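This briefing covers a sheet, the helices beside it and a cavity. Please look over the structure before reading the points below.

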Amino acid sequence: MTSWTASDIPSQRGRTAVVTGTGGLGFEDALALARADAHVILAGRSPSKGAAAVERIRQSVPGATVRFAALDLASLDSIEAFGERLHSSIGSLDLLINNAGVMTPPERQVTANGFELQFGTNHLGHFALTAQLLPLLRRGNQPRVVTLSSVAARAGAIDFDNLQSERSYKPMVAYGQSKLACLMFALELQRRSDAAGWGIQSIAAHPGISRTDLLPNGAGAWSAPGIARRYLWFLFQPAAQGALPTLFAATSLQVQGGAYYGPDKLGETRGYPTGAKVPPQALDVGMAERLWSESERLTGALFPLVHAKGSSVASTQRTYPH
């Protein structure tokens, strides 16, 4: 795995990938996958940003098969509509990269469904999206789901008594919780795939500390994180470098389901892809199962029920909360 780069991505010809997030890491993921001949669907909130990202990819990769699709992870209705459109336009899906995220808005904000914005977008939105696309993934060729966590997950804790930060809101605490939830979701998805025979590899990745717009867009350009991003830019590795653990998880033949990848230098903050250390709290299976059940309740997500002997049956359709 020494110094693995995007040039090491095996051919993705014939594979269809959905990447959430049109800028930063998501753009770099989509660009690298397009260069490897994947059919890429770049999903995000802004049609104008999406169109610009698609045009940039096509300029860099003439003949790239890439398109934008509207998706707002802060809206369960948008997620459901995206899933319905995808089911009607493609027969299977080989790769889902749960990348898009919100980071440390200074004041508590909520999604269209009333969830705290970071937990609702980073975890619950991708949880519901994965459920929507599960039937397509199960028909895919060696399908993978890659979910992005963060070094912030190390200090994260799932607080079921304050899951939506209603009692108190601390931006980085809420962010750490959301990214720990992403990691726990990735690990639990692999356990459920194994138990039910879904045939899906679920892998987690994190980008270290990367130079993207996530900090200034979330905390604000003149917040301490935003100022650090602007004036201490040399501390942040380029987005293309930060995308490598995700791309490794998404494409490498060495990858194992249920694994976690990040950069290999300076406490996993920068470098090339390697196995990342899983925080102890992310290994609590009982907590992960509780988080999964609560996420299903909150989102109305439709996952098959997993039985103890490994069989699965479709769960009953739930009503999306509004």
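Six nonpolar, two polar and one charged residues make up the lining of the largest cavity. The model is predicted. The points below begin with this cavity and then turn to the sheet and its helices.

**The cavity**
- In the whole structure, a search finds one cavity of 30 Å³ or more.
- The largest cavity holds about 40 Å³ of space.
- Its lining consists of H123, F127, M184, F185, E188, A288, L291, W292 and S295.
- At least two lining residues come from each of α4, α5 (171-196) and α10 (285-299).
- Helix α10 gives the largest share of this lining, with four residues.

**The sheet**
- An open sheet is built from eight strands, in the order β3-β2-β1-β4-β5-β6-β9-β10, and its pairing is mixed.
- At its edges are β3 (65-70) and β10 (270-275), each of which pairs on one side only.
- On average, neighbouring strands of this sheet are turned by 25 degrees against each other, with direction ignored.
- Three bridges join strand β1 (residues 16-20) to strand β4 (residues 95-98), and the two pair in the parallel sense.

- Helix α9 (residues 244-251) lies across β4, β5, β6 (201-205), β9 (260-265) and β10.
- Helix α9 runs at about 160 degrees to β5.

Note on methods:
Residues numbered from 1 in each chain as written. Predicted model: local features only at pLDDT ≥ 70, side-chain atom pairs only at ≥ 80, totals over all residues. Heavy atoms only, no water. Pairing = 2+ DSSP bridges. Axes fitted to C-alpha atoms, helices over the stretch in contact; angles between N-to-C directions. Contact = heavy atoms within 4.5 Å. 1 Å grid on protein atoms, 1.4 Å probe; cavity = no way out; pocket = protein on both sides within 12 Å on 5 of 7 lines; lining within 4 Å. Points joined across faces, edges and corners; volume = space filled by probe spheres on them. Nonpolar A, V, L, I, M, F, W, Y, C, P; charged D, E, K, R; others polar.
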